[in-house]
Amino acid sequence: MRLVLIGLVAGVFSSLFGVGGGIVIVPLLIMVAGFAAKEASAVSLGAIAITALAGVVLYALHGKVDVEHGALVGVPAMVGALAGASLQRRLSGPAFMLAFACLLAGIGVWLLVG
Amino acid sequence: MSATTILLGVTLGLAAGVLSGLFGVGGGILFVPALVALGLGQVEAAATSLLAIVPTAAVGIWRQTRYGNMRVRPAVVVGVASIVGVEIGVQIATGMPEHALRRLFGLLLIAVAGQLAWQTLRLRRRYPEAT
(Lines give C-alpha, C1' and ligand atoms only; values in the text may rest on other atoms or scores of the structure.)
Protein backbone atom coordinates (compact mmCIF):
# COMPACT_ATOMS: atom_id res chain seq x y z
CA MET A 1 0.00 0.00 0.00
CA ARG A 2 2.81 2.41 0.88
CA LEU A 3 4.52 1.55 -2.41
CA VAL A 4 1.30 2.35 -4.30
CA LEU A 5 1.11 5.79 -2.63
CA ILE A 6 4.79 6.47 -3.39
CA GLY A 7 4.09 5.56 -7.03
CA LEU A 8 1.10 7.90 -7.22
CA VAL A 9 3.03 10.88 -5.82
CA ALA A 10 6.04 10.15 -8.03
CA GLY A 11 3.82 9.87 -11.12
CA VAL A 12 2.27 13.33 -10.65
CA PHE A 13 5.69 14.86 -9.94
CA SER A 14 7.32 13.15 -12.91
CA SER A 15 4.81 14.10 -15.59
CA LEU A 16 4.25 17.63 -14.26
CA PHE A 17 7.95 18.49 -14.37
CA GLY A 18 9.31 16.08 -16.98
CA VAL A 19 11.75 14.48 -14.56
CA GLY A 20 12.11 10.80 -13.70
CA GLY A 21 10.93 11.27 -10.17
CA GLY A 22 13.99 9.83 -8.42
CA ILE A 23 14.25 12.96 -6.24
CA VAL A 24 10.94 11.96 -4.60
CA ILE A 25 11.02 8.15 -4.96
CA VAL A 26 14.44 7.54 -3.35
CA PRO A 27 13.82 9.49 -0.09
CA LEU A 28 10.26 8.12 0.19
CA LEU A 29 11.45 4.51 -0.24
CA ILE A 30 14.07 5.05 2.47
CA MET A 31 11.91 6.99 4.94
CA VAL A 32 8.42 5.56 4.36
CA ALA A 33 9.09 2.01 3.15
CA GLY A 34 12.32 1.24 5.06
CA PHE A 35 14.56 0.50 2.06
CA ALA A 36 18.36 0.62 2.19
CA ALA A 37 19.86 3.48 0.13
CA LYS A 38 21.41 1.22 -2.55
CA GLU A 39 18.21 -0.76 -3.06
CA ALA A 40 16.16 2.42 -3.08
CA SER A 41 18.20 3.82 -6.00
CA ALA A 42 17.88 0.57 -7.95
CA VAL A 43 14.13 0.22 -7.32
CA SER A 44 13.68 3.91 -8.18
CA LEU A 45 15.35 3.37 -11.59
CA GLY A 46 13.07 0.41 -12.29
CA ALA A 47 10.00 2.45 -11.41
CA ILE A 48 11.24 5.48 -13.40
CA ALA A 49 11.47 3.44 -16.61
CA ILE A 50 7.74 2.60 -16.30
CA THR A 51 6.79 6.12 -15.12
CA ALA A 52 8.68 7.89 -17.92
CA LEU A 53 7.32 5.50 -20.55
CA ALA A 54 3.75 6.12 -19.30
CA GLY A 55 4.44 9.87 -19.42
CA VAL A 56 5.70 9.67 -23.01
CA VAL A 57 2.62 7.70 -24.14
CA LEU A 58 0.10 9.92 -22.32
CA TYR A 59 1.78 13.16 -23.47
CA ALA A 60 2.01 11.80 -27.03
CA LEU A 61 -1.80 11.52 -27.02
CA HIS A 62 -1.83 15.31 -26.54
CA GLY A 63 0.76 15.72 -29.32
CA LYS A 64 3.36 17.11 -26.91
CA VAL A 65 6.31 14.76 -27.53
CA ASP A 66 8.97 16.15 -29.90
CA VAL A 67 10.87 13.04 -31.02
CA GLU A 68 13.49 14.98 -33.03
CA HIS A 69 14.49 17.21 -30.13
CA GLY A 70 14.31 14.24 -27.74
CA ALA A 71 16.89 12.36 -29.81
CA LEU A 72 18.98 15.50 -30.35
CA VAL A 73 19.44 15.98 -26.60
CA GLY A 74 18.98 12.38 -25.37
CA VAL A 75 21.55 10.58 -27.53
CA PRO A 76 24.53 12.88 -26.70
CA ALA A 77 23.34 12.83 -23.07
CA MET A 78 23.80 9.04 -22.88
CA VAL A 79 27.37 9.39 -24.13
CA GLY A 80 27.92 12.27 -21.70
CA ALA A 81 26.50 10.33 -18.76
CA LEU A 82 28.99 7.49 -19.31
CA ALA A 83 31.85 10.01 -19.49
CA GLY A 84 30.55 11.83 -16.41
CA ALA A 85 30.29 8.65 -14.37
CA SER A 86 33.88 7.70 -15.19
CA LEU A 87 35.13 11.23 -14.38
CA GLN A 88 33.40 11.11 -11.01
CA ARG A 89 36.40 9.82 -9.09
CA ARG A 90 38.67 12.61 -10.31
CA LEU A 91 36.23 15.48 -10.21
CA SER A 92 34.31 14.96 -6.99
CA GLY A 93 34.40 16.86 -3.74
CA PRO A 94 32.42 19.58 -2.03
CA ALA A 95 33.69 22.48 -4.18
CA PHE A 96 32.46 20.79 -7.38
CA MET A 97 29.14 19.89 -5.77
CA LEU A 98 28.59 23.47 -4.57
CA ALA A 99 29.49 24.82 -8.02
CA PHE A 100 26.92 22.46 -9.53
CA ALA A 101 24.30 23.59 -6.98
CA CYS A 102 25.01 27.22 -8.01
CA LEU A 103 24.58 26.28 -11.68
CA LEU A 104 21.21 24.61 -10.95
CA ALA A 105 20.07 27.60 -8.90
CA GLY A 106 21.16 29.92 -11.74
CA ILE A 107 19.11 27.95 -14.30
CA GLY A 108 16.21 28.01 -11.83
CA VAL A 109 16.37 31.80 -11.57
CA TRP A 110 16.57 32.08 -15.38
CA LEU A 111 13.35 30.02 -15.71
CA LEU A 112 11.67 32.03 -12.95
CA VAL A 113 12.31 35.45 -14.43
CA GLY A 114 12.78 34.60 -18.14
CA MET B 1 16.07 22.03 -37.86
CA SER B 2 18.94 24.48 -38.45
CA ALA B 3 22.63 23.64 -38.05
CA THR B 4 22.82 26.03 -35.09
CA THR B 5 19.96 24.21 -33.33
CA ILE B 6 21.63 20.83 -33.94
CA LEU B 7 24.98 22.09 -32.62
CA LEU B 8 23.35 23.69 -29.57
CA GLY B 9 21.23 20.56 -28.93
CA VAL B 10 24.20 18.20 -29.08
CA THR B 11 26.27 20.49 -26.83
CA LEU B 12 23.48 20.87 -24.25
CA GLY B 13 22.71 17.14 -24.36
CA LEU B 14 26.37 16.23 -23.81
CA ALA B 15 26.67 18.75 -20.97
CA ALA B 16 23.46 17.50 -19.33
CA GLY B 17 24.71 13.91 -19.58
CA VAL B 18 28.16 14.66 -18.16
CA LEU B 19 26.68 16.63 -15.24
CA SER B 20 24.08 13.99 -14.42
CA GLY B 21 26.73 11.23 -14.50
CA LEU B 22 29.16 13.34 -12.50
CA PHE B 23 26.76 14.44 -9.77
CA GLY B 24 24.39 11.48 -9.72
CA VAL B 25 21.25 13.44 -10.53
CA GLY B 26 18.64 12.23 -12.99
CA GLY B 27 18.83 13.62 -16.52
CA GLY B 28 15.35 15.17 -16.50
CA ILE B 29 16.22 18.11 -14.32
CA LEU B 30 18.82 19.14 -16.93
CA PHE B 31 16.98 17.95 -20.09
CA VAL B 32 14.00 20.23 -19.42
CA PRO B 33 15.98 23.52 -19.30
CA ALA B 34 18.10 22.33 -22.28
CA LEU B 35 14.93 21.76 -24.33
CA VAL B 36 13.50 25.10 -23.21
CA ALA B 37 16.73 26.76 -24.37
CA LEU B 38 16.20 25.07 -27.76
CA GLY B 39 12.83 26.83 -28.00
CA LEU B 40 10.34 24.19 -26.83
CA GLY B 41 7.38 25.17 -24.67
CA GLN B 42 7.42 24.03 -21.03
CA VAL B 43 4.93 21.16 -21.55
CA GLU B 44 6.70 19.96 -24.74
CA ALA B 45 10.02 20.15 -22.87
CA ALA B 46 8.62 18.02 -20.01
CA ALA B 47 7.08 15.45 -22.38
CA THR B 48 10.22 15.26 -24.54
CA SER B 49 12.49 15.04 -21.50
CA LEU B 50 10.58 11.92 -20.40
CA LEU B 51 11.35 10.37 -23.80
CA ALA B 52 15.08 11.06 -23.29
CA ILE B 53 14.91 9.58 -19.76
CA VAL B 54 13.68 6.12 -20.85
CA PRO B 55 16.97 4.86 -22.40
CA THR B 56 19.04 6.39 -19.56
CA ALA B 57 16.89 4.59 -16.97
CA ALA B 58 17.22 1.35 -18.96
CA VAL B 59 21.03 1.58 -18.78
CA GLY B 60 20.76 2.29 -15.03
CA ILE B 61 18.54 -0.76 -14.50
CA TRP B 62 21.00 -2.98 -16.36
CA ARG B 63 23.88 -1.73 -14.17
CA GLN B 64 21.99 -2.03 -10.88
CA THR B 65 20.81 -5.54 -11.76
CA ARG B 66 24.41 -6.53 -12.41
CA TYR B 67 25.41 -5.10 -9.01
CA GLY B 68 22.62 -7.19 -7.43
CA ASN B 69 20.70 -4.23 -5.98
CA MET B 70 17.51 -4.60 -8.02
CA ARG B 71 14.26 -5.79 -6.46
CA VAL B 72 11.77 -6.32 -9.24
CA ARG B 73 8.46 -6.52 -7.36
CA PRO B 74 8.58 -3.15 -5.51
CA ALA B 75 9.92 -1.47 -8.68
CA VAL B 76 6.96 -2.79 -10.70
CA VAL B 77 4.45 -1.86 -7.94
CA VAL B 78 5.75 1.73 -7.69
CA GLY B 79 6.03 2.02 -11.49
CA VAL B 80 2.55 0.69 -12.27
CA ALA B 81 0.95 2.75 -9.47
CA SER B 82 2.67 5.85 -10.86
CA ILE B 83 0.71 5.57 -14.14
CA VAL B 84 -2.41 6.98 -12.42
CA GLY B 85 -0.33 9.84 -11.02
CA VAL B 86 1.23 10.43 -14.44
CA GLU B 87 -2.22 10.93 -16.00
CA ILE B 88 -3.11 13.41 -13.21
CA GLY B 89 0.15 15.28 -13.82
CA VAL B 90 -0.44 15.36 -17.60
CA GLN B 91 -3.92 16.82 -17.04
CA ILE B 92 -2.55 19.49 -14.66
CA ALA B 93 0.37 20.37 -16.95
CA THR B 94 -1.72 20.64 -20.13
CA GLY B 95 -4.43 22.65 -18.34
CA MET B 96 -2.06 25.11 -16.70
CA PRO B 97 -0.58 28.33 -18.19
CA GLU B 98 2.92 27.49 -19.52
CA HIS B 99 4.63 30.39 -17.74
CA ALA B 100 3.24 29.25 -14.38
CA LEU B 101 4.55 25.71 -14.98
CA ARG B 102 7.92 27.13 -16.03
CA ARG B 103 8.17 29.17 -12.81
CA LEU B 104 7.22 26.11 -10.77
CA PHE B 105 10.03 24.18 -12.47
CA GLY B 106 12.42 27.07 -11.72
CA LEU B 107 11.47 26.81 -8.04
CA LEU B 108 12.04 23.04 -8.16
CA LEU B 109 15.58 23.61 -9.51
CA ILE B 110 16.35 26.12 -6.77
CA ALA B 111 15.02 23.68 -4.14
CA VAL B 112 17.18 20.84 -5.52
CA ALA B 113 20.21 23.18 -5.56
CA GLY B 114 19.54 24.12 -1.94
CA GLN B 115 19.18 20.49 -0.93
CA LEU B 116 22.47 19.53 -2.68
CA ALA B 117 24.32 22.44 -1.06
CA TRP B 118 22.90 21.66 2.38
CA GLN B 119 23.82 17.98 2.07
CA THR B 120 27.36 18.84 0.93
CA LEU B 121 27.96 21.31 3.76
CA ARG B 122 26.51 18.94 6.37
CA LEU B 123 28.74 16.06 5.24
CA ARG B 124 31.74 18.36 5.28
CA ARG B 125 31.06 19.32 8.91
CA ARG B 126 30.61 15.71 9.92
CA TYR B 127 33.61 14.29 8.05
CA PRO B 128 36.03 17.23 7.66
CA GLU B 129 38.98 14.89 6.96
CA ALA B 130 37.25 13.54 3.85
CA THR B 131 37.30 16.91 2.08
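**Figure 1. Packing of helices α1 and α2 in chain A of the predicted model.** Helix α1 of chain A covers residues 2-17, and helix α2 of chain A covers residues 22-31. Their axes lie 9 Å apart and form an angle of about 165 degrees. Angles over 145 degrees count as roughly antiparallel, and α1(A) and α2(A) are therefore described as roughly antiparallel to each other. The crossing of α1(A) past α2(A) is right-handed.

**Figure 2. Residues at the contact between α1(A) and α2(A).** From α1(A), the view shows A:Ile6, A:Val9, A:Ala10 and A:Phe13. These residues meet A:Val24, A:Ile25, A:Leu28 and A:Leu29 of α2(A). Sorted by class, this contact of α1(A) with α2(A) has eight nonpolar residues, with no polar and no charged ones.

**Figure 3. Packing of helices α2 and α3 in chain A.** Helix α3 of chain A spans residues 37-61. It packs with α2(A) at an angle of about 135 degrees, and the two axes are 9 Å apart. Because of this angle, α2(A) and α3(A) are classed as oblique to each other. The helix α2(A) passes α3(A) in a right-handed crossing.

**Figure 4. Residues at the contact between α2(A) and α3(A).** The α2(A) side consists of A:Gly22, A:Ile25, A:Val26, A:Leu29 and A:Ile30. The residues they meet in α3(A) are A:Ala37, A:Ala40, A:Ser41, A:Val43, A:Ser44, A:Ala47 and A:Ile48. By class, the contact of α2(A) with α3(A) comprises nine nonpolar and three polar residues, and no charged residue. A:Ile25 and A:Leu29 of α2(A) meet residues of α1(A), and A:Ile25 and A:Leu29 also take part in the contact with α3(A).

**Figure 5. Chain A and its helices.** Chain A contains five helices and zero strands, in the order α-α-α-α-α along the sequence. Along the principal axes, the C-alpha atoms of chain A fill a box of roughly 40 × 40 × 30 Å. Of the 114 residues in chain A, 51% are buried. Among the contacts in chain A between residues at least 6 apart in sequence, 42% link residues at least 24 apart. The average pLDDT of chain A is 92, and 100% of its residues score at least 70. Within chain A, confidence is highest in α1(A), with a mean of 96, and lowest in helix α4 (residues 67-87), with a mean of 90.

**Figure 6. The side of chain B that touches chain A.** In this interface, 86 residues of chain B are in contact with 75 residues of chain A. Each of the chain B helices α1 (3-23), α2 (28-37), α3 (42-67), α4 (72-95) and α5 (98-126) supplies at least two residues of the side that touches chain A. By class, that side of chain B holds 58 nonpolar, 22 polar and six charged residues.

**Figure 7. Surroundings of B:Leu12.** B:Leu12 is placed in helix α1 of chain B. A residue is buried if 20 or more other C-beta atoms lie within 10 Å of its own; B:Leu12 has 22 C-beta neighbours inside 10 Å and therefore counts as buried. Apart from its neighbours within four places in sequence, B:Leu12 is in contact with A:Val73, B:Ala34 and B:Ala37. B:Leu12 and B:Val80 are separated by 68 residues in sequence, and their C-alpha atoms are 31 Å apart in space.

Definitions and conventions: Residues are numbered from 1 along each chain as its sequence is written. Chains are lettered from A and ligands numbered from 1 in the order in which they are written. This is a predicted model: local features need pLDDT of at least 70, side-chain atom pairs count only at pLDDT 80 or more; totals for chains, interfaces and linings use all residues. Axes are lines fitted to C-alpha atoms, for helices over the stretch in contact, and angles run from 0 to 180 degrees between N-to-C directions. Helices (H or I, at least four residues) and strands (E, at least two) are DSSP runs, numbered from the N terminus. Angles under 35 degrees count as roughly parallel, over 145 as roughly antiparallel, 65 to 115 as roughly perpendicular and the rest as oblique. A crossing is left-handed if the near helix is turned anticlockwise from the far one by less than a right angle, and right-handed if clockwise. Two residues are in contact if their C-beta atoms, placed from the backbone, lie within 7 Å. Ala, Val, Leu, Ile, Met, Phe, Trp, Tyr, Cys and Pro count as nonpolar, Asp, Glu, Lys and Arg as charged, and the others, Gly among them, as polar. pLDDT is the predictor's confidence in each residue, from 0 to 100. A residue is buried if 20 or more other C-beta atoms lie within 10 Å of its own, exposed if 12 or fewer, and partly exposed in between; C-beta atoms are placed from the backbone.
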